[in-house]
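Please keep the structure open while reading.

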Amino acid sequence: MTSYLIKNARILGGEPQDLRLKDGVIAEIGTYLADDGATVIDAEGLIALPGLVDLHTHLREPGREDAETVLTGTRAAAKGGFTAVHAMANTFPVADTAGVVEQVWRLGKESGYCDVQPVGAVTIGLEGKQLAELGTMADSAAAVRVFSDDGKCVDDAVIMRRALEYVKAFGGVIAQHAQEPRLTEGAQMNEGTVSGELGLRGWPAVAEESIIARDVLLAAHVGSRLHVCHVSTAGSVEIIRWAKSKGWDVTAEVTPHHLLLTDELVRSYDPVYKVNPPLRTEADVLALREALADGTIDAVATDHAPHPSEDKDCEWAAAAMGMVGLETALSVVQQTMVETGLMGWADVADRMSRRPAAIGGLTGQGRPVSVDEPANLVLVDPAYRGAVNPDSFATRSRNTPYRGRDLPGRVVATFLRGRATVLDGELV
Amino acid sequence: MKRHLVSTADLTLDDALLILDTAEEMAQVSTRAVKKLPTLRGRTVVNLFFEDSTRTRTSFEVAEKRLSADVINFSAKGSSVSKGETLKDTALTLQAMGADAVVIRHGASGAPQRLAESDWLHGSVVNAGDGTHEHPTQALLDAFTMRRHLNPGLGRDLNGRRITIVGDVLHSRVARSNVHLLHTLGAEVTLVAPPTLVPYGVESWPCAVSYDLDAVLPKSDAVMMLRVQRERMNAAFFPTQREYSLRYGLDAKRAAALPEHAIVMHPGPMVRGMEIASEIADSARSTIVEQVTNGVSIRMAVLYLLLGGSEPALSPARPAESRTTEEHSK
């Protein structure tokens, strides 16, 4: 196995140091390390972070291989600096059995670009009616710990209660897509002044907040763990902050796009901005940034949702919801959190690696950048500035809201247990 | 003028007055024995209707034929959204056939803007109603009708005129287009509806909102009744048709509260006995049939201005600057 000597990298933005990656671990950290036959990487000016961990990725395989496969999705993940992703369960067939989660897990192993941790469905077929075999998925080779009907809300209070209780037996967590279904029938965008003007049916903030309020109370009542997916409103932040102040075991994630974009963009009627939960207002964006900075929101998760062009090259109402995000996530976080002074690089490592790994129960990921730790690393050039060019993406889909937008930062190299998956910004 | 007519929010005061004044010229043509102008000879206009609308499509078709355009009716009902040919492929087909203008009616809000801003086709796009978004030519014909009654004369606007729009504003593309245009023309607009049928965020619109029709009617120069679909009560927007009529319908007793000069309008199709009583719809102050006639003139004016360009329609087009400030301020 190739060993690497990374010269003058700024670990978590600190003083330049050399890192030696050997036999899958960080073997040595210091200054003026000798190359000893290692491949030398000049990391002058680059930041070294632990490999990023995504709690929320749609890899689309099995079933929608025209949008993404485990291979193309993990290649995109590596280019974005990720060394582990959680593959969401809304595939065809749904990942609601040990067979499907093991298939996804095995495809991840074969791809080799990053670890793929399958998420299991909470209910059979994501239909919210009958619990899937959660224990069997937990005991399978995929060792599932995160369960989610993402894309749909577990809206039945009794089913949600039972799921929260049941997964306590094997240390599981329910990741809720908080969306009250009756309040969001036919919803097209955030309900606000813009939806009223555009004549698009609204997705009110209360539809998210009412479910989160119910769920934190349920989690407290049964003493279980709740994770809230893609928090998008200022009101949701307040509820989660309150739940955490009570000492309840609640965690939450925010997507990069909800940290940057607002519903004003929908005025173009360009479905590239159509996503669920929808883009909200400037006030929501600012509240989410603040919550991520103060730790109320634990993690950034991409909700990477690839779609083929025909599902976006159409009128708004006919378009699919979702955006690709793996390859732009770190840049958006740099722009919205680091360059605004809200967070340092150590905080970025915490919210994009350590905490998501802990929520997902991944023991070999999200570790500190120190000697004898697994060599899961990403090198970032924070000085880079450039327009997003989707033609260079590794994901199979092109539905990015950032086409042509200037974003800072660039992933120069990614290492998965000491092996380079990305070097000089290109896949290895 | 812009190349497309997608939203009345895009129209400046000068644009709006130019259309209204041009429509007055077109109205003269429609009174002749030979109701035809050669203006759009050799130009192809496609009426692309993804939703049934005999009234609007026929009005556009008459307007196009009076301008001597080659007219193609492309009924695409049910062909987009979820199955069959996409909007994009339909547009590419029309582009390949050489459409100079596309008049589009679509159930999805924003479809005309999508068409206008895409590179799918290069002709002018006229929005003939999109979802619950806008219906600009309806608003223009409404303003044209109001001006004839409330401030007649070329170059004149609707400054200070009090317009009341009543009914299902939430689902109404007519209301949205009217609010923008009437505001541009200087009118004072009040929306009246049960709170369930008022759009979220209406505070930011350039108009007032009331839940009390009786309080507003005596201060109205024109009242426009919007259609209220009976099925809305199944989604709990109001309890029963009877209660809706009692609180928001325009019956003879309510109409008597209007100032003597006030007109009663309806964009059609009407639900008689629901939002408007028959005796009011058929009364002397009703402009409902007149609105249909004016619709043809307005659509002729819009197509002429978008496609005919610089050539004058009848007489030399009067430059906008020639309007006197006195007229303007009325």
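Helices (H or I, at least four residues) and strands (E, at least two) are DSSP runs, numbered from the N terminus. This is a predicted model: local features need pLDDT of at least 70, side-chain atom pairs count only at pLDDT 80 or more, and totals for chains, interfaces and linings use all residues. Residues are numbered from 1 along each chain as its sequence is written, chains are lettered from A and ligands numbered from 1 in the order in which they are written, and side-chain values use heavy atoms, with hydrogens and water left out.

**Backbone**

- A:Asp424 is not a glycine, yet has a positive phi of about 50°. A:Asp424 sits in the loop between β18 (419-423) and β19 (426-427) of chain A.
- The peptide bond between A:Glu61 and A:Pro62 is cis, with omega about 5°. A:Pro62 lies in the loop between β6 (52-57) and α1 (70-79) of chain A.
- A cis peptide bond also runs from A:Asn276 to A:Pro277, with omega near -5°. A:Pro277 belongs to the loop between α8 (256-260) and α9 (282-294) of chain A.

**Interface of chains A and B**

- The size of an interface is often given as the accessible area lost when the parts come together. Buried area here is the accessible area (1.4 Å probe) that two parts lose on being put together, summed over both.
- Chain A and chain B bury about 1600 Å² between them, and carbon and sulfur atoms give 52% of that. A:Tyr269, A:Asp313 and A:Glu315 supply 37% of the area that chain A buries against chain B, more than any other three residues.
- Contact (heavy atoms within 4.5 Å) takes in 20 residues of chain A and 21 residues of chain B.
- There are 3 salt bridges between chain A and chain B. A salt bridge is a side-chain nitrogen of Lys or Arg within 4 Å of a carboxyl oxygen of Asp or Glu.
- A:Asp313 pairs with B:Lys88 in a salt bridge, and their closest N and O atoms are 2.6 Å apart.
- The side of chain A that touches chain B has 8 nonpolar, 5 polar and 7 charged residues. Ala, Val, Leu, Ile, Met, Phe, Trp, Tyr, Cys and Pro count as nonpolar, Asp, Glu, Lys and Arg as charged, and the others, Gly among them, as polar.

**Salt bridges overall**

- The whole structure holds 35 salt bridges over all chains.
- A:Arg20 and A:Asp36 form a salt bridge, with closest N and O atoms 3.8 Å apart. This pair links distant parts of the chain, 16 residues apart: A:Arg20 is in strand β2 (residues 16-22) of chain A, and A:Asp36 is in the loop between β3 (25-30) and β4 (39-42) of chain A.

**Pocket and cavities**

- On a 1 Å grid over the protein atoms alone, a cavity is a set of points where a 1.4 Å probe fits but cannot get out; a pocket is an open set with protein on both sides within 12 Å along at least five of seven lines; lining residues have an atom within 4 Å of a point.
- Grid points are joined across faces, edges and corners, and a volume is the space filled by probe spheres set on the points.
- The second largest pocket has about 590 Å³ of space. Its lining has 25 residues, with A:Arg60, A:Asn90, A:Gly151, A:His307 and A:Met321 nearest its centre.
- That pocket lining divides into 10 nonpolar, 9 polar and 6 charged residues.
- The whole structure has 6 cavities of 30 Å³ or more. The largest cavity has a volume of about 80 Å³.
- The largest cavity is lined by 14 residues, and A:Glu61, A:Ala87, A:Met88, A:Thr91 and A:Val104 are closest to its centre. Helix α2 (residues 98-111) of chain A gives the largest share of this lining, 3 residues.
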